[in-house]
Amino acid sequence: MNSPIRKSHKLDNVCYDIRGPVLDHAKRLEDEGHRILKLNIGNPAPFGFEAPEEILQDVMRNLPTAQGYCDSKGLYSARKAIMQECQRKGIPGVGIEDIYVGNGVSELIVMAMQALLDDGDEVLIPAPDYPLWTAATNLSSGRAVHYLCNEDDDWAPDLADVRDKITARTKAIVLINPNNPTGAVYPPAVVKELLAIARQHGLVVFSDEIYDKILYDGVEHVSTGALAEDDQLVVTMNGLSKSYRCAGFRSGWMILSGGQGKQNAEDFIQGLTMLASMRLCANVPAQHAIQTGLGGYQSINDLILPGGRLLAQRNVVYEKLNAIPGVSCVKPKGALYAFPRLDPEVYPIRDDAQMVLDLLLQERILLVQGTAFNWPDPDHVRIVTLPWADQLGDAMDRFARFLSRYRQ
Ligand code: PLP
């Protein structure tokens, strides 16, 4: 018998539990004919959210001319539209060469970490986080160091904790704003303070803004790149998956800003460009959606303003959660998630993955445990707010029923 084939040690500290082992149980239940309510993945399409028709038309019309590879950084028309979006968002000095289109933000996160990190280099990443940032850092032989976000302060980053965790090895800091999983939208003053800390220590700033158009209660989003000084390199990530509801197209982009910051980072940027060339280019048909998406009718607004479906869904989840004894949820101001706390005095959960599995088995509802987002304690879960409000209301009632059996 041949010796077993093992995965590489590069994967020793890599973990992505949003699609983790509980999902296998859910698949088994589905194979047995059970219907599962999947509140585990922020994928709008299965919940009846369709991409704007004009985007679909544009992609279909351009399909015949999208057969070849394109420039490694992306189609000119797409990058031009992203450049104009930078102007709208007040991110200064972004030219066409400062924009890289990728197969979703996911590919670009991995690419950026591969280009930046040497063994043991540290990246400050929020806790809770969108765990790809941690996984990509560890995969790239770096070390993810988590700074806490403060639930009592609307989940804003704890600046003292950020300062405490900076070492001689810290190379970058990640902001996720609007945040997955907490739904926080950071006030510009907080972002400015983070930028000041980053500048003081010469850190690259990565700003994941993929939910920048999914905002509730009149909150405004200000891009990190619009607040930074010229001598700071800010790498902004965004894409079509959420605001334009076409996650399956796999289309995202990365923007480099900061005039002097870019000059100082020439070598890193060369590395990025080389990695972009190595994978030839991003999916070309999907890039045709970018110009129409960014420049067209912003139908996302119909979903988040009063009377809009996404807002109604956020409201139901928020209200129902806070009515459950021992459960509290900060009101999400953006994105597609709620991240409630289950008071450990009331719910003595030692293993939150097991709790999520129990919920699946008992109520056929699939959530993701808080520790999957690198939250240190087993006292949170993430709930996706994409299904219709009545379905979510029913799911929250079933969650409450389940929790009543889990109490001390
Ligand atoms: N960044 C955040 C914060 C996300 O929540 C997600 C997906 O859920 C991504 C990036 C990945 O986006 P994409 O579909 O563009 O790869």
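The entries below go from the record to the sheets, the helices and the ligand.

**Entry 1: where to start.** I reminded myself that this is a predicted model. Then I opened the UniProt record, where an unreviewed entry lists residues 36–385 under "domain: Aminotransferase class I/classII large". I checked that stretch in the model and found 37% helix and 17% strand. The end C-alpha atoms of the stretch are 15 Å apart.

**Entry 2: the eight-stranded sheet.** I traced an open sheet of eight strands and wrote down the order β2-β9-β8-β7-β6-β3-β4-β5, with mixed pairing. Which strands stand at the edges? They are β2 and β5 (156–157); each has a single partner strand, so one side of each lacks a neighbour in the sheet.

**Entry 3: strand β3.** I looked at β3, residues 122–127, and found five of its six residues buried, so the rest of the structure largely encloses this strand. I then looked up its partners. β3 runs parallel to β4 (residues 143–150), and six bridges join the two.

**Entry 4: a crossover.** I followed the chain from β3 through helix α5 (residues 132–139) to β4 and noted a right-handed β-α-β unit.

**Entry 5: strand β2.** β2 runs antiparallel to β9 (residues 252–257), with four bridges between them. V101 has W253 as its bridge partner in β9.

**Entry 6: β7 and β8.** I checked one more pair in this sheet. β7 (residues 204–208) and β8 (residues 234–239) are parallel and share four bridges. F206 stands opposite V235 of β8.

**Entry 7: a three-stranded sheet.** I also found an open sheet in the order β11-β15-β14, paired antiparallel. β11 (337–338) and β14 (368–369) are its edge strands, each pairing on one side only. Two bridges join β11 to β15 (residues 381–384), and A338 faces I383 there.

**Entry 8: helix α4 and the ligand.** I counted 13 residues in α4 and a reach of 19 Å from first C-alpha to last, close to the 18 Å expected. Its buried residues include G104, V105, E107 and L108. Which helix gives the largest share of the shell around the ligand? It is α4 (residues 104–116), with three residues. The shell has 13 residues, and those that come nearest are G104, V105, S106, Y130 and S241. By class, I noted five nonpolar, seven polar and one charged.

**Entry 9: helix α10.** My last check was α10, residues 266–278. At 1.5 Å a residue, its 13 residues should span 18 Å, and the end C-alpha atoms are 18 Å apart, which agrees. After α10 comes L280, with a positive phi near 65°.

Notes: Residues numbered from 1 in each chain as written. Predicted model: local features only at pLDDT ≥ 70, side-chain atom pairs only at ≥ 80, totals over all residues. Expected span 1.5 Å × (residues − 1). Buried ≥ 20, exposed ≤ 12 C-beta atoms within 10 Å, placed from the backbone. Pairing = 2+ DSSP bridges. Right-handed = clockwise from strand over helix to strand, strands pointing away. Near = placed C-beta within 6 Å. Nonpolar A, V, L, I, M, F, W, Y, C, P; charged D, E, K, R; others polar. UniProt positions renumbered as here; feature names shortened; annotations may be inferred.
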